[in-house]
Amino acid sequence: MAEHKNEELDYEPVTYDPQYILMVNNLKKHFPIKGGIISHVVGHVKAVDGVTFNLKRGTTMGLVGESGCGKTTTGRAILRLVGEKTAGQVLFNGKEVYDFTDKEMREMRTHMQIIFQDPFSSLSPRLPVGEIIGEAVREHNLVSSAEYEDYIDKVMDECGLQPFHKDRYPHEFSGGQRQRICIARALALNPEFVVCDEPVSALDVSIQAQIINLLKELQKQRQMTYLFISHDLSVVEHISDTVGVMYLGNLVEYGNKKDIFKNPLHPYTKALFSAIPVPDPKAKMNRIVLEGSIPSPANPPTGCKFHTRCPYATERCKQEIPEQLEIEKDHYVVCHLFSK
């Protein structure tokens with residue numbers, strides 16, 4: 001039996017709300033640490049440790065945080081790409097993703113896709129571009145054999161690729177073109193939901209703008225929903241409707257983009273946003289420098305995980321885990337500073 005079906009619920013299960021394509025409730029993904037002569041489990045890396053958010057249809061949620069905070073693992077856990085979850089709920093269109101059989105999950109792959117961070121290593125060097133984009137289309141029988149070539153041409157055209165590119169191999173393209181191939185491969189299945197895992201971090205700034213505009217245009221045309229994972233806050237501000245801020249496996253703040261950028265509440269969010277460069281040489285930067293380094297997810301601090309670096313930490317922060325609080329409409333924060 002799957003691991004998640006044996007779990008003791010330490011959270012309140014959510015009920016489906018049709019306005020949300022994705023509902024994530026207390027999602028946890030812990031990886032075992034093995035040691036000793038017989039290689040038994042001696043601990044766990046708590047990569048994702050209780051993430052909760054809802055994502056409305058046709059919108060984009062930006063997920064930000066320092067490297068190693070669990071952003072990518074969250075995205076992959078939602079798509080069921082990292083084995084069984086440890087705990088929590090992942091409802092896609094009201095159905096628990098981890099309750100699907102292998103056959104049902106295979107069918108769901110056409111509705112949920114991912115664009116990987118590295119456009120080179122995620123493309124097979126042995127296949128021409130046309131085969132890379134069309135492989136899943138043929139596998140899932142999305143179009144007939146007679147319509148196949150025209151369909152692939154159409155998808156490539158939407159992503160800024162030419163028909164003659166079909167016979168070329170990934171190494172013959174630039175970084176920006178390779179990312180367009182990755183986008184075309186994901187969109188060829190006509191998905192409803194796409195996890196964009198830092199899709200522009202390996203590209204030049206000018207190419208980044210092209211890819212971001214392409215993603216926005218395709219979203220408008222196809223009414224898709226994005227989970228946009230990034231550490232570039234200016235990109236997140238440009239593309240997102242809602243923003244979630246992660247720290248050491250937890251979502252510490254979540255809300256509408258305007259609320260998060262204009263009025264960050266959590267001390268970590270304030271420190272993160274203070275590092276955004278201002279394009280004005282006369283503007284004074286009020287940079288908040290955090291002391292210390294990020295604790296290990298294999299041995300996180302007790303209480304609030306941020307208390308070892310927080311300038312406002314109290315004894316309560318060291319002992320008690322804060323709860324998610326709604327400070328203003330749809331603006332949530334996990335911090336004792338806002339609790340009674």
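Me: What makes helix H3 roughly parallel to helix H5?

Reply: Helix H3 (residues 129-139) and helix H5 (residues 175-187) pack at an angle of about 25 degrees, and their axes are 7 Å apart. Angles under 35 degrees count as roughly parallel, so H3 is roughly parallel to H5. This is a predicted model, in which local features need pLDDT of at least 70, side-chain atom pairs count only at pLDDT 80 or more, and totals for chains, interfaces and linings use all residues. Residues are numbered from 1 along each chain as its sequence is written, and side-chain values use heavy atoms, with hydrogens and water left out.

Me: Which residues make the contact between H3 and H5?

Reply: Val129, Ile132 and Ile133 of H3 meet Ile181, Ala184 and Arg185 of H5, where contact means heavy atoms within 4.5 Å. By class, five residues of this contact are nonpolar, none is polar and one is charged.

Me: Which residues have the most contacts inside the largest nonpolar core?

Reply: They are Ile133 and Ile183, in a core of 55 residues. A nonpolar core is a set of buried Ala, Val, Leu, Ile, Met, Phe, Trp, Tyr and Cys residues joined through side-chain atoms within 4.5 Å. H5 gives the largest share of this core, six residues.

Me: Why is Cys317 called buried?

Reply: Buried means under 20% relative accessible area (1.4 Å probe, protein chains only). Cys317 has 9% relative accessibility and therefore counts as buried. Cys317 lies in helix H10 (residues 315-319). Among the residues that Cys317 touches, not counting those up to four places away in sequence, are Cys304, His307 and His336.

How values were computed: Axes are lines fitted to C-alpha atoms, for helices over the stretch in contact, and angles run from 0 to 180 degrees between N-to-C directions. Helices (H or I, at least four residues) and strands (E, at least two) are DSSP runs, numbered from the N terminus. Angles under 35 degrees count as roughly parallel, over 145 as roughly antiparallel, 65 to 115 as roughly perpendicular and the rest as oblique. Ala, Val, Leu, Ile, Met, Phe, Trp, Tyr, Cys and Pro count as nonpolar, Asp, Glu, Lys and Arg as charged, and the others, Gly among them, as polar. Buried means under 20% relative accessible area, exposed over 50%, partly exposed in between (1.4 Å probe, protein chains only).
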